[in-house]
Amino acid sequence: MKPLPASKFKNPRARYDFKGRSCAIAGVGAYVPARVLTNADLEKMVDTTDEWITTRTGIKERRIAAKDEFTSDLAAKAAQRAMKAAGVTGEQIDLLTVATITPDMVFPSTACLVQQKIGARRAAAFDLEAACSGFIYGLEIAQQFIMSRTYDTVLVIGAEKLSSIVDWQDRNTCVLFGDGAGAAVLQNRTTSHGLLTAVMGADGGKADLLHMPGGGSRCPATADSVAARLHYLRMEGKETFKHAVQAMLNAAQEALRRCEVDISQIKCIIPHQANRRIIDAVGERLGAKPGQMFVNLDRYGNTSAASVAIALDEAVSTGRIQRGDLILLVVFGAGLTWGAAVIEW
Ligand code: UT7
C-alpha cells in the first residue's frame, strides 16, 4: 500500500505516520428507532414540563426502541450503514467491538450477537464498557490494533437501549435518555490520515455518581432488589454536571496539545450529547466559535455510548465535515470516564 504523504500536523504522539500506516475512518453509519417520545409525552408520565426539560437540558424529544428491538438490533443496523459507506463486507472485518451499558444480556456479549447479524464471520468480537465514553475508547482500541499491524479493518459500534434501564417514575433521570446506535469502520487506508490521537481517562473513586446498583455480582436480581428499584440507573445530576465540564475540557485540551492543533483549526467539535448547558460551558472554556459545537441532543437526548457516534454520522451526512477537515470528539460518562479524539477526516 502506498504510504500517505506527511500530514500537516507533526507530533510524535500523533500516530498517523507510524511506518506508513494510518487509521482512517472509512465509513460511518447510525440508526435510531422509529418511536419518538416528546417532552409533552413525558408531561403525562411524570411531574415535569417541556419548559423545565428544555431550559435545563436542551432536549425536546428522544427515540425509544420497540419491545422486541434490542441493543444488538440497533447496533447491527448502524453497523450495516457504516459498512456500506466504507464499501466493506462482513467478511472483511477483523475485529468488532460494541460499546454499551445496555447489552442484550449479561453474556454472551452483544458484539457476538452483532457479529452473527452482520455476517462478520472472521471477526473477533467483544463488548466494551466505558459508559458514555465507550465510543472514543473503541476508536483508540481500533487504532492500536491497526497501527500495530494486527488487524486492517475494525468496526467500532456505540449502541444503547437505555429505555430498558431508565426508571420511568424518576423525573430526575427519565427525561434525559434515549435509544440509538452509531458505528464507524476504521481501516489502514491511504485516503485519509484519520485518527491522529485519542485521550482516555477514568476515576473509579466517583463511581457512585452515576450507576445501576442491581443486576451484577454485587446485587443479583431478587424479588427484594426489584422491589427496591435497584435495576434502574441512578444519577447525582448536579455533581456529575460539574465533573463533566471539567473532564471534557481537560481531555479536549490534552488531545489538541498532543497534535499541536489550536481550537481555531478545528472545523467541528462533536461533544457527548448529555446536556446543552454542559456543551455550552465546555465550548466557551475551549474558546470555540459560535456554531463550532455540533448539537443534536434536542432530537435524541443522551444516548450514552451511541451519542457521539450518531452525531458524527449526522455531521458527515449533512456536510458539516468534509475531507481534510480536523474534528474533535469529546466525551464523559459513568465510571467516571472521559476521552477526546482529534481526527483528520
Ligand atoms: O451522560 C453522562 C453524563 N451525564 C451528565 O453529565 C448529566 C449531568 N447533569 C445534568 O445534566 C443536570 O444536573 C440535570 C439535567 C440532570 C439536572 O439539572 P440541574 O439544573 O442540575 O437540576 P437539579 O438536579 O439541581 O434539580 C433542580 C430542581 C429540583 O427541585 P428542587 O429540589 O429545587 O425543588 C429537582 O427536583 O428541579 C427538579 N427536577 C425537575 N423538575 C421538573 C429534577 N428533574 C425535574 C424534571 N422536571 N424532569
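Where is the place of Leu 336? Leu 336 sits in the loop between strand S12 (326–333) and strand S13 (337–344), and the views below include that loop. The model is a predicted one, in which local features need pLDDT of at least 70 and side-chain atom pairs count only at pLDDT 80 or more, while totals for chains, interfaces and linings use all residues. Residues are numbered from 1 along each chain as its sequence is written, and side-chain values use heavy atoms, with hydrogens and water left out.

View 1. The contact takes 46 residues from domain 1 and 47 residues from domain 2, where contact means heavy atoms within 4.5 Å. Between them the domains bury about 3,900 Å², 64% of it on carbon and sulfur atoms. Buried area here is the accessible area (1.4 Å probe) that two parts lose on being put together, summed over both. Cys 132, Ile 136 and Tyr 137 supply 18% of the area that domain 1 buries against domain 2, more than any other three residues.

**View 2. Polar and charged pairs across the interface, and the domain 1 side.** The rule finds one salt bridge across the interface of domain 1 and domain 2, a salt bridge being a side-chain nitrogen of Lys or Arg within 4 Å of a carboxyl oxygen of Asp or Glu. There are also 18 residue pairs in polar contact across this interface, both residues at pLDDT 80 or more. A polar contact is a pair of N or O atoms within 3.5 Å; within protein, one must be able to donate a hydrogen and the other to accept it, and residues adjacent in sequence count only if both atoms are side-chain atoms. The elements that each supply at least two residues of the side of domain 1 that touches domain 2 include strand S1 (24–31), helix H2 (50–57) and helix H5 (134–147). H5 gives the most to that side, with six residues. Helices (H or I, at least four residues) and strands (E, at least two) are DSSP runs, numbered from the N terminus. The residues of this side of domain 1 divide into 22 nonpolar, 15 polar and nine charged. In this count Ala, Val, Leu, Ile, Met, Phe, Trp, Tyr, Cys and Pro are nonpolar, Asp, Glu, Lys and Arg are charged, and the others, Gly among them, are polar.

**View 3. Surroundings of Asp 167 and Thr 173.** The side chains of Asp 167 and Arg 229 form a salt bridge (2.9 Å, N to O). Asp 167 is also in contact with Thr 173, as are Leu 233 and Met 235, leaving aside neighbours of Thr 173 within four places in sequence. Thr 173 belongs to helix H6 (residues 171–174) and is buried, with a relative accessible area of 1%. Buried means under 20% relative accessible area, exposed over 50%, and partly exposed in between (1.4 Å probe, protein chains only).

View 4. The peptide bond from Phe 107 to Pro 108 is cis, with omega near 0 degrees; Pro 108 lies in the loop between strand S4 (95–99) and helix H4 (110–118). Gly 335 and Leu 336 are also joined by a cis peptide bond, with omega about -10 degrees. Ala 131, although not a glycine, has a positive phi of about 50 degrees. Ala 131 is in the loop between strand S5 (124–128) and H5, and counts as buried at 5% relative accessibility. Ser 304 has a positive phi near 50 degrees and lies in the loop between helix H10 (297–300) and helix H11 (307–317).

View 5. Gly 319 follows H11 and has a positive phi near 85 degrees. In helix H9 (residues 276–286), the buried residues are Ile 278, Ile 279, Ala 281, Val 282, Gly 283 and Leu 286. They pack against helix H8 (237–259), S11, H10 and S12. At the N-terminal end of H9, Asn 275 is the cap, with a side-chain oxygen 2.7 Å from the backbone nitrogen of Arg 277.
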